[in-house]
Amino acid sequence: MTFETIEFRVDGEVAWLTLNRPERLNAFCRPMLAEIAEALDQVVAEPALRALIVTGAERAFSAGQDLTEPAIATADPAAAVAESLDLFYHPVLERLHALKLPVVAAVNGIAAGAGANFALNCDIVIAAASASFIQAFTRIGLVPDCGGTWLLPRLVGPARARALMLLADPLGAAEAEAWGLIYKAVPDEALHAEAEALARRLAAGPTAAYGMIKQALDAAASHDLGRQLDLERELQSRAAASDDFREGVAAFLEKREPRFSGR
Ligand code: T3D
């Protein structure tokens, strides 16, 4: 399948999804969000895939919503924005969170507004040293969306989250790492190799267990400890029934590296 606004490439067990509107700093428009949703459906439909990398073409990761998109300039922007979120952004975020395989965001440059929060919805976020993250929304009189108000306080704590969202100042990759917003900042020239190495390592791991870890972490936000312990018991029973658990224990006892199938 050929896309107009993204590149989607499968390389063995790892897929690459590249946001590809560099003339607009990879800003999201409705056709692009629809293509991302379609690519994520392809990821689900391909059981051989075991990790996904998301990155941006050329100098930016994404500048967030395309502010030149006609839907923004309608007579009723309130309705247009609600429609964009309901019909385009949220289906992408729901698909991203429903993926059982791990998703690595390789943030190659500026990630602003919805672009920043799209990256932060991924499982592991690494960024080029020259990249930065901006909760740009208040610069144009909007509020953070794409889960920003939910994610940021959990990642960096309420004080820093509030300042980031109210001030809309850029946060460089090294500081983003120090604050716990992202996993790691890496030298610019090493970004894609680091992302690929991480994804290959994850692709060789117990994919079903990774999916269950993601499910448990998502559920933890709304559970008390008792409910979370129940969920952990249920997931652990499923993990214990997996081929990968048998292989993991066998490899340990035989003093060798495990060969996980992902099942
Ligand atoms: O509809 C809804 O559902 C609402 C949802 C909203 C979610 C959001 O994401 S709101 C936040 C939207 N994003 C922004 O407000 C960021 C706007 N962009 C910027 O502030 C700056 O471009 C950056 C800080 C990201 C980068 O600055 P800089 O100096 O490196 O680049 P630049 O020169 O500003 O941009 C380069 C080109 O990209 C330029 O085009 P030109 O003049 O060369 O033809 C610029 O207009 C274009 N561009 C950058 N961001 C956007 C964009 N075009 C459309 N939409 C953009 N968001």
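Student: Why are helix 1 and helix 2 called roughly parallel to each other?

Tutor: This is a predicted model, where local features need pLDDT of at least 70 and side-chain atom pairs count only at pLDDT 80 or more, while totals for chains, interfaces and linings use all residues. Residues are numbered from 1 along each chain as its sequence is written, and side-chain values use heavy atoms, without hydrogens and water. Helix 1 (residues 30-45) and helix 2 (residues 77-98) pack at about 20°. Angles under 35 degrees count as roughly parallel, over 145 as roughly antiparallel, 65 to 115 as roughly perpendicular and the rest as oblique. Therefore helix 1 and helix 2 are roughly parallel.

Student: What makes up the contact of helix 1 with helix 2, by class?

Tutor: Contact means heavy atoms within 4.5 Å. By class, the contact has 10 nonpolar, one polar and four charged residues.

Student: Which residues make the contact of helix 4 and helix 5?

Tutor: Gly148, Thr149, Leu152, Pro153 and Val156 of helix 4 contact Pro158, Arg160, Ala161, Leu164 and Met165 of helix 5. They divide into seven nonpolar, two polar and one charged.

How values were computed: Axes fitted to C-alpha atoms, helices over the stretch in contact; angles between N-to-C directions. Helix = DSSP H or I, 4+ residues; strand = E, 2+ residues; numbered from the N terminus. Nonpolar A, V, L, I, M, F, W, Y, C, P; charged D, E, K, R; others polar.
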